[in-house]
Amino acid sequence: MFKKLRKTAIAITCCMFIAPGISAQDTTATLDLKEMPLRLLDYKSPMQGLQEGDGITQQPAMQELDNFQKDIMSRISDIYRIHIKAMEAQVGNDPLEAEAQINDAVAATQGLLDDYPEIRGDRRFTELYRSVISEYRQFLRDYGSWK
């Protein structure tokens with residue numbers, strides 16, 4: 001151990017005397033700064049309201065939904081209805097009905113995912129999934145030991 005330490009100390013001392021001009025970082029580098037032109041983005045404050053001639057209509061443009069999108073939205077709304085029934089059953093102190101509705105909502109959500117695996121990245125589906133699973137977990141915490 002002492003021999004290794006001695007060799008390391010000799011190597012460091014030699015490097016200090018042999019190459020005194022070498023430093024850890026090159027301090028000669030400089031940055032060239034260039035002036036950037038000012039660019040303003042087109043922005044209209046939502047607090048100012050609409051003006052005549054803004055080219056904005058009062059009704060938002062609605063995109064026609066195809067059959068796939070209609071089916072997805074219909075099934076998502078059905079699952080939300082089941083979810084609401086589960087919450088209403090909890091408010092009414094009916095844990096058996098709440099459990100049945102929550103299980104139906106979870107099963108319907110899984111069925112939707114099984115039928116359309118590509119829906120996994122859809123914002124509406126992910127919000128629905130989080131809501132249903134969150135309610136399921138909360139129900140298990142609240143009523144898990146009542147059986």
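Q: Which residues in helix 2 are buried?
A: In this predicted model, local features need pLDDT of at least 70, side-chain atom pairs count only at pLDDT 80 or more, and totals for chains, interfaces and linings use all residues. Residues are numbered from 1 along each chain as its sequence is written, and side-chain values use heavy atoms, with hydrogens and water left out. Ile72, Ile76, Ile79, Ile82, His83, Ala86, Ala89 and Gln90 are buried in helix 2. Buried means under 20% relative accessible area, exposed over 50%, partly exposed in between (1.4 Å probe, protein chains only).

Q: What makes Arg75 and Asp115 a salt bridge?
A: A salt bridge needs a side-chain nitrogen of Lys or Arg within 4 Å of a carboxyl oxygen of Asp or Glu. The closest N and O atoms of Arg75 and Asp115 are 2.9 Å apart. That is within 4 Å, so the pair qualifies.

Q: Which parts does the pair Arg75 and Asp115 tie together?
A: Arg75 lies in helix 2 and Asp115 in helix 3, so the pair joins parts 40 residues apart in sequence. Helices are DSSP runs (H or I, at least four residues), numbered from the N terminus.

Q: Why is Arg123 called exposed?
A: Its relative accessibility is 52%. The cut-off for exposed is over 50%, so Arg123 counts as exposed.

Q: Why does Glu127 count as partly exposed?
A: Glu127 has 39% relative accessibility.

Q: How far apart are the closest N and O atoms of Glu127 and Arg123?
A: They are 3.5 Å apart, and the two residues form a salt bridge.

Methods:
Helix = DSSP H or I, 4+ residues; strand = E, 2+ residues; numbered from the N terminus.
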